[in-house]
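Notebook open, structure loaded. I'm jotting down what I looked up, entry by entry.

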Amino acid sequence: MKKNHIFISFLLLLAIPMCVYASSSANIAWEGNELFEITEEFTQNLIFRNIQGSELISAGGIISVSDETCFDIVKVEIQNPFATYYEKSKKFAYSNLMGTKKDFTMLKVTLKAKETTCSANLKLESPKLSFADSTPLSPDNIEKEINIVNYDELKLNVNDLKLSVGETYQLEMYVPNGLIISPNKVTFTSKNNTIVSIDKGGKIKANQTGETNVTASYGMKTLQTKVTVLDYLKGDINGDGKINPLDHYLALRMSLGLNKPNSGELIRGDINNNNRIDAGDVYYILRRSLGLKSE
């Protein structure tokens, strides 16, 4: 019985290195810029890096685009002597019996943007990896979002912003087809941070009364909007220092065209900054008049 225990322990010791080596892995990624102009030709590299565990000996996958109305694959160029690309099937294969643990570039893909602002993914579908320790891996598809922009179409979601002290507003850059540029790709600045500050995500905060400009820059385009900070309570249409059912009643009549607001009433009642008092403003004032938080 004792010999059996020793033999089993010996087998377990042999299994331990196999468990360690089975953790072999490689980080696969598309490398290159994420923003391009319409009709521009651009490239992306398929990179293998942070190869851990055993040596990588083979790899493969299919190169594709999620929306070919956004951009096309023009050509694929091999960047490694052990790799092959099959243009008809859009498959690539890598085979190196010696294996490698070094970071390397597998492919360079040249793409061509179409004549419209859009967003699509460059994909490596069905990726497969094998290592010298016989570890096979089939990671999820490797995708990278690429934005194609006509800079002349870029706009901000507000052109002339009026806020009360302490109020905030989310500034966004977008194109008319509905694509909102991710805030972390836009650079926001305020001309006067004492009056108005704006954070990296585009959130404007009114600090004290005054007037200044904020700008949003994306790629080759910079847009700006005027921000006026007034000393009033947003939603207090009649200016009595509080928001109550009378303000809601006035807002409702103005939204229906039964009453025409004067300049002061419009400033105080136009919650969503679209230069009119509409159903959205009425809803906001109703909630505030009932003591509820604005949504």
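In which sense do β13 and strand β20 pair, and over how many bridges? I found them parallel, over 5 bridges. Before going on, a note on the source: this is a predicted model, where local features need pLDDT of at least 70 and side-chain atom pairs count only at pLDDT 80 or more, while totals for chains, interfaces and linings use all residues. Residues are numbered from 1 along each chain as its sequence is written, and side-chain values use heavy atoms, with hydrogens and water left out.

**Entry: the four-stranded sheet**

I then looked up the sheet that β13 and β20 belong to. It is an open sheet of 4 strands in the order β13-β20-β19-β16, with mixed pairing. At the edges stand β13 (160–164) and β16 (187–190); each has a single partner strand, so one side of each is left without a neighbour in the sheet. On average, neighbouring strands here are turned by 25° against each other, direction ignored. For that angle, axes are lines fitted to C-alpha atoms, and angles run from 0 to 180 degrees between N-to-C directions.

My terms, for the record: strands (E, at least two residues) and helices (H or I, at least four) are DSSP runs numbered from the N terminus. Two strands pair if DSSP finds at least two bridges between them. As background, strands of a sheet pair through backbone hydrogen bonds, parallel or antiparallel.

I also picked out one bridge: S164 has L230 as its partner in β20, a strand that covers residues 221–230.

**Entry: β4, β6 and β7**

Next I checked what pairs with β7. Strand β4 (residues 56–65) and strand β7 (residues 91–100) are antiparallel over 6 bridges, and A59 stands opposite Y94 in β7. Strand β6 (residues 83–86) also runs antiparallel to β7, with 4 bridges joining the two. There, Y85 stands opposite F92. The hairpin of β6 and β7 has 4 residues between the strands, and K90 takes a positive phi near 65° in it.

**Entry: other positive phi values**

T39 is not a glycine, yet I get a positive phi of about 70° for it. T39 sits in the loop between β2 (35–37) and β3 (41–52). It is partly exposed at 37% relative accessible area; my classes are buried under 20%, exposed over 50% and partly exposed in between (1.4 Å probe, protein chains only).

N50 isn't a glycine either, and its phi is positive at about 55°. N50 lies in strand β3 and counts as partly exposed at 42% relative accessibility.

**Entry: salt bridges**

How many salt bridges does a search of the whole structure find? I got 9, taking a salt bridge as a side-chain nitrogen of Lys or Arg within 4 Å of a carboxyl oxygen of Asp or Glu.

- E77 and K108 meet at 3.8 Å, N to O. This pair links distant parts of the chain, with E77 in strand β5 (residues 71–78) and K108 in strand β8 (residues 104–113), 31 residues apart. E77 is partly exposed at 28%, and K108 is partly exposed at 28%.
- E145 pairs with K185, closest N and O atoms 3.8 Å apart. This is another link between distant parts of the chain: E145 is in strand β11 (residues 142–149), K185 in the loop between β15 (173–174) and β16, 40 residues apart. E145 is partly exposed at 41%, and K185 is partly exposed at 26%. E34 joins E145 and K185 in a network of salt bridges.
- K162 pairs with D160 at 3.5 Å between the closest N and O atoms. K162 is partly exposed at 22%, and D160 is partly exposed at 29%.

**Entry: N273**

Is N273 buried or exposed? At 11% relative accessibility, N273 counts as buried. I located N273 in the loop between α3 (263–269) and α4 (279–289).

Its side chain reaches the backbone oxygen of I271 at 3.4 Å. I then listed what N273 touches (contact means heavy atoms within 4.5 Å), leaving aside neighbours within four places in sequence: V158, D160, L161, K162, L163, Y169 and K234. D160 and K162 in that list are the salt-bridge pair I noted above.

Technical notes
A polar contact is a pair of N or O atoms within 3.5 Å; within protein, one must be able to donate a hydrogen and the other to accept it, and residues adjacent in sequence count only if both atoms are side-chain atoms.
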